[in-house]
Each structure stands twice: as structure tokens, then as C-alpha cells.
Amino acid sequence: MLNIVLFGPPGAGKGTQSQKLIDKYNLIHLSTGDLLRSEIAAGTELGLRAKSLMDNGLLVPDEVVIGMIANKVKEHKHAKGFIFDGFPRTVPQAQGLDKLLQEHDLEISGMLALKVDDEELTKRLLLRGQTSGRPDDQNEDLIRKRVQEYNNKTTPVADYYNGQGKFQAVEGIGEIEEIFQELCKHIDALLEKEEKEDKA
Ligand code: AMP
């Protein structure tokens, strides 16, 4: 089973690339941001609690997102694999994910991290805000706060996977197709490695 963490700051292109990757590799896309926005749209209690944090560019508590992911992994336990997008965003979330996958006899195959500088991110998110309808994409201060949350709390997640020998950085500025091909190259290498291990 191919389980990829697609990593990178808000606006790095994780959503765009996830869509292309799930089509090519037949994977399940699990975006905690999308799951939280669905909860808000459905008016659930969880959505209500998450909304005020999201509207302020702050992270939702670890146990909330881990719980949502646990339900989805259970729901799709016969899938070919998962792309985790926007999750894990803290080290406790990464530890929670490892534990959860272990319970299903699974593990993360690798983390692919899209690299984009802060100025480019702000530009991209403001542009996305013109059409996405997302309130958190329409205010420059809020965007900077989200990027700051990422730099403070989420960057250590890369070290976590690096420590497991699973980290791979990918240039996130350029043509969408070029970036996609680069991601595919790394995923194909991971698939090859898994095949070899299965045969051994
Ligand atoms: P995203 O769509 O990934 O940019 O997420 C939008 C917002 O949802 C973030 O700014 C956070 O408030 C919240 N969020 C999404 N994923 C997570 C996560 N893994 N942990 C905590 N908060 C999250």
C-alpha cells in the first residue's frame, strides 16, 4: 500500500498535485482542510468549533484531526493507498498517524515536501482567494499568520520523517506538469522499493 504525505506550506500546490496523483495512482485523497470545511458546511459541532480557529489562521487541536483521519482510514481500509494532504501538521499528529497506521499493519511510504518561498505563497493565496470563496485566503495578515503557524509548528514534521529516512524535498515553483512529473518520479521509486520488499 502506497501512503504518501504530501507536505508543504499553504499555497504550495498540495491540493492541485494531490488531484493529479490520485488519478494516476488510484489513491484516496485525505485533506484535513477539506474534511474540516465539509464539517463546517454541514453545521456539525466539530465544524463549529473548528471554524473560529480556521478563521483566525490557527491550527485545530491534534485529537480532532487525528480522529477524522482515523475514521477515513478505517472506511477505506481496502484502498490502494492514501495521500495525506495538510496532515500531519504537528509532530504529535505525525506520531498519531504512525500509531494509527500500525494498527492496520500499514506505514507511511514517504513524505514529499513542496518547497515554495513565503512571498510566492502570499501571492498565490491572495489570487486563490479571488475565486475559492475561502475567507482565510482573502486577508493578507491572515495568510501570513497561516504561513507563520506552518513555519513554527509544521516544519518540525519534516524532521520527524527525515529521521525515519522518508523525507524528500521537491521544487514547488514552476509548471504544474513539471512539478507533477518530479513527484511521480519519487513515487515510482517508492513503489519499486515496496515491490522489492514484498518479493524478499
Ligand atoms: P488547509 O486547507 O490545509 O490550508 O487548512 C485550512 C485550515 O484548516 C488551517 O489553517 C487550519 O486551521 C485547519 N487545519 C487543516 N488541517 C489541519 C491539521 N492537520 N491540523 C490542524 N489544523 C488543520
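# Briefing: cores, rings and helix contacts

R49 has its place in helix α3. R49 is exposed, because its relative accessible area is 52% and the cut-off for exposed is over 50%. The model is predicted. The points below turn to the buried parts.

**Aromatic pairs and a charge over a ring**

- Four aromatic pairs occur in the structure.
- One of them joins F7 and Y150, with ring centres 5.6 Å apart. The planes of F7 and Y150 stand at 45°, so this pair is tilted.
- F7 belongs to strand β1 (residues 2-7), and Y150 belongs to helix α7 (residues 140-163). The pair therefore ties together parts that are 143 residues apart in sequence.
- F7 and Y150 are both buried.
- One aromatic cluster is formed by F82, F84 and F87.
- K20 places its charged end over the ring of F180, 4.7 Å from the ring centre.

**Nonpolar cores**

- In soluble globular proteins, nonpolar side chains tend to be buried together.
- The largest nonpolar core here has 29 residues. Within this core, F7, I69, F84, L97 and Y161 touch the most other members.
- Elements giving two or more residues to this core include β1, α2 (32-42), α3 (45-55) and α4 (62-75). Also among them are β3 (81-85), α5 (91-103), β4 (110-115) and α7.
- A second core is separate and has 21 residues, including I4, Y25, I83 and C184.
- L97 is in contact with I69, F84, F87, P88, I108 and Y161, leaving aside neighbours within four places in sequence.

**Helix α5 against helix α7**

- The α5 and α7 axes come within 8 Å and cross at roughly 40°.
- From α5, the residues V91, A94, Q95, L97 and D98 take part in the meeting. They meet P156, V157, Y160 and Y161 of α7.

**Helix α2 against helix α4**

- The α2 and α4 axes come within 11 Å, and their crossing angle is roughly 95°. This makes α2 roughly perpendicular to α4.
- T32, L35, L36 and E39 are the α2 residues at this meeting. On the α4 side are V65, M68, I69 and K72.

**T90, in a loop**

- T90 sits in the loop between β3 and α5.
- T90 counts as buried, because its relative accessibility is 10% and the cut-off for buried is under 20%.
- Setting aside neighbours within four places in sequence, T90 is in contact with L59, D62, K153 and V157.

**M111, in a strand**

- M111 is part of strand β4.
- With a relative accessible area of 1%, M111 is buried.
- Beyond its neighbours within four places in sequence, M111 is in contact with V5, F7, V157, A158, Y161, K166, F167 and Q168.
- M111 and V157 are 46 residues apart in sequence. In space they are 9.8 Å apart, C-alpha to C-alpha.

Definitions and conventions. Residues are numbered from 1 along each chain as its sequence is written. This is a predicted model: local features need pLDDT of at least 70, side-chain atom pairs count only at pLDDT 80 or more; totals for chains, interfaces and linings use all residues. Side-chain values use heavy atoms; hydrogens and water are left out. Rings of Phe, Tyr and Trp (its six-membered ring) pair if their centres lie within 6.5 Å; planes under 30 degrees apart count as stacked, over 60 as edge-to-face and the rest as tilted. Helices (H or I, at least four residues) and strands (E, at least two) are DSSP runs, numbered from the N terminus. Buried means under 20% relative accessible area, exposed over 50%, partly exposed in between (1.4 Å probe, protein chains only). A charge sits over a ring if NZ of Lys or CZ of Arg is within 6 Å of the ring centre and within 35 degrees of the ring normal. A nonpolar core is a set of buried Ala, Val, Leu, Ile, Met, Phe, Trp, Tyr and Cys residues joined through side-chain atoms within 4.5 Å. Contact means heavy atoms within 4.5 Å. Axes are lines fitted to C-alpha atoms, for helices over the stretch in contact, and angles run from 0 to 180 degrees between N-to-C directions. Angles under 35 degrees count as roughly parallel, over 145 as roughly antiparallel, 65 to 115 as roughly perpendicular and the rest as oblique.
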